[in-house]
Amino acid sequence: MSKQKIYVTRSSMPELSEYIEEIKDIWETHWMTNMGAKHEKFRHRLQEYLGVEHMHLMVNGHMALELALQALKLTGEVITTPFTFASTTHAIVRNGLTPVFCDIRPDDYTIDTEKLERLITDRTSAIVPVHVYGNICQVEEIQRIADKYGLVVLYDAAHTFGETYRGNSVAAFGDVSCYSFHATKVFNSIEGGAVCYSDRLNEFGLSLFRLKNFGIRSETEVDGVGANAKMNEFCAAMGICNLRHIDEEIAKRKRVVDRYRECLQDISGIKLPVVQPDVKYNYAYFPVVFDEQVLGVTRNEIYMTLAAHEIYSRKYFYPLTSQFECYRQRFTEGDTPVALYFSKRVLTLPLYADLALADVDRICDIIKSKLQLGNKEG
Ligand SMILES: Cc1ncc(COP(=O)(O)O)c(C=O)c1O
């Protein structure tokens, strides 16, 4: 058991020698970016691993979302959830679109399809649901609604690397799925992301490819106001290395999650993550909800107590994106009461492949002793 600081996550890295071996030939080619050999090798391996046919690698998950939305040429309103990372909402707003916030389901925190349909107007062009914490949205019902109203579905799949639902890659659902390979994710390429898309989208792939490279069509033609969102060769090389170890990493994460469940099960007032049927999980996060009415202790007190022991959990996702200062007076938090409730009570506990089980025990013991103290005082 370590008494070192424990952060909410710790980036997975290959052995240094493995990475050096992978990047060696970059010194021969001097080709460091612009869709080089590493980029292509990584893309092919990823497509195989994720079971997807159409994919573009991106500089990060945010630009995957932002440029995918742009390439879809959407207009008006986009229905999404505020219980997510800033990126989901920002990507919509930065495209000049209006996010319309739908509430979340209390069991798995994904978009509540029972509340979705009534938010559709004649200005709605898309639905952007988030497979939050790796929980899979109600993909069949979302597709049914999208088909009924002719809406595009773009999933923020940043939390779902390697997951499957009913044996299908998560990227198989909707029109577009965007992954993040940020250093803090289950799988990383230092920074990185990918857009996976359905073959129903004719022009989308080409538009996206150009948008990530300044809108360049040819040496002398630029026909789009593009950005620069290309993945460089060093990031691709890191992705290639980490992909070799991903199954082992996920298996190690499962051990940590199983231990958390064992230690924290059956405590009245504590809600552990749901286990959805038919989902092969990646164990990306361990969000725990603390009900202060039952426990006599608030989420914030647990957060502070852990921090006092140099254990750093995160209040993912607090505040709601609709409450951000930059969106002041644009949205009403009361429109998504379930999201608001969980945002005030959830804490994601430290979770990474090499987190020692003894450290998990220590984290849980600290939580439990704080709860007993709270009960006595309460
Ligand atoms: C739900 C969600 N969407 C989008 C992103 C953006 O990804 P990136 O950090 O790779 O830009 C993240 C994570 O960072 C995320 O958690």
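In this predicted model, Asp-103 is buried, its relative accessible area being 2%, whereas Lys-115, with a relative accessible area of 24%, is partly exposed. The two residues form a salt bridge in which the closest N and O atoms are 3.2 Å apart. Because Asp-103 belongs to the loop between S3 and helix H6 (113-116) while Lys-115 belongs to helix H6 itself, the pair ties together parts that are twelve residues apart in sequence.

A total of 26 salt bridges is found by the rule applied, and some of these join into a network, which links Glu-18, Glu-22, Asp-25, Lys-38, Lys-41 and Arg-244. A local case is given by Asp-258 and Lys-254, whose side chains meet in a salt bridge with an N to O distance of 2.7 Å. Both residues lie in helix H10 (residues 246-264) and are four residues apart, which corresponds to about one turn of the helix. Asp-258 counts as partly exposed at 33% relative accessibility, and Lys-254 likewise counts as partly exposed, at 34%.

The domain assignment divides the chain into domain 1 (16-244) and domain 2 (246-377), and the centres of these domains, taken over C-alpha atoms, are separated by 26 Å. To the contact between them domain 1 contributes 40 residues and domain 2 contributes 35 residues. The area buried between domain 1 and domain 2 amounts to about 3,300 Å², with 60% of it coming from carbon and sulfur atoms. Of the area that domain 1 buries against domain 2, 21% is supplied by Tyr-109, Tyr-133 and Val-186, more than by any other three residues.

On the side of domain 1 that touches domain 2, at least two residues each come from helix H5 (86-93), strand S3 (98-101), strand S6 (164-165) and helix H9 (233-244), and H5 gives the most, with four residues. The residues of this side divide into 20 nonpolar, eleven polar and nine charged.

One salt bridge is found across the interface of domain 1 and domain 2. Arg-166 and Asp-278 form a salt bridge, with 3.2 Å between the closest N and O atoms. Asp-278 counts as partly exposed at 43% relative accessibility, whereas Arg-166, with a relative accessible area of 52%, is exposed.

Two further residues illustrate buried positions in helices. Arg-345, located in helix H13 (residues 337-345), is buried, with a relative accessible area of 13%. Its side chain is joined to that of Glu-292 by a polar contact of 2.9 Å, and, when neighbours within four places in sequence are left aside, the residues in contact with Arg-345 are Val-288, Val-289, Phe-290, Glu-292 and Arg-299. Ile-366, found in helix H14 (residues 357-377), counts as buried at 9% relative accessibility. With neighbours within four places in sequence again left aside, Ile-366 is in contact with Thr-305, Leu-306, His-309 and Ile-311. Thr-305 and Ile-366 are 61 residues apart along the chain, and their C-alpha atoms are separated by 7.7 Å.

Note on methods
Residues are numbered from 1 along each chain as its sequence is written. This is a predicted model: local features need pLDDT of at least 70, side-chain atom pairs count only at pLDDT 80 or more; totals for chains, interfaces and linings use all residues. Side-chain values use heavy atoms; hydrogens and water are left out. Domain bounds come from an automatic or database domain assignment. Contact means heavy atoms within 4.5 Å. Buried area is the accessible area (1.4 Å probe) that two parts lose on being put together, summed over both. A salt bridge is a side-chain nitrogen of Lys or Arg within 4 Å of a carboxyl oxygen of Asp or Glu. Ala, Val, Leu, Ile, Met, Phe, Trp, Tyr, Cys and Pro count as nonpolar, Asp, Glu, Lys and Arg as charged, and the others, Gly among them, as polar. Buried means under 20% relative accessible area, exposed over 50%, partly exposed in between (1.4 Å probe, protein chains only). A polar contact is a pair of N or O atoms within 3.5 Å; within protein, one must be able to donate a hydrogen and the other to accept it, and residues adjacent in sequence count only if both atoms are side-chain atoms.
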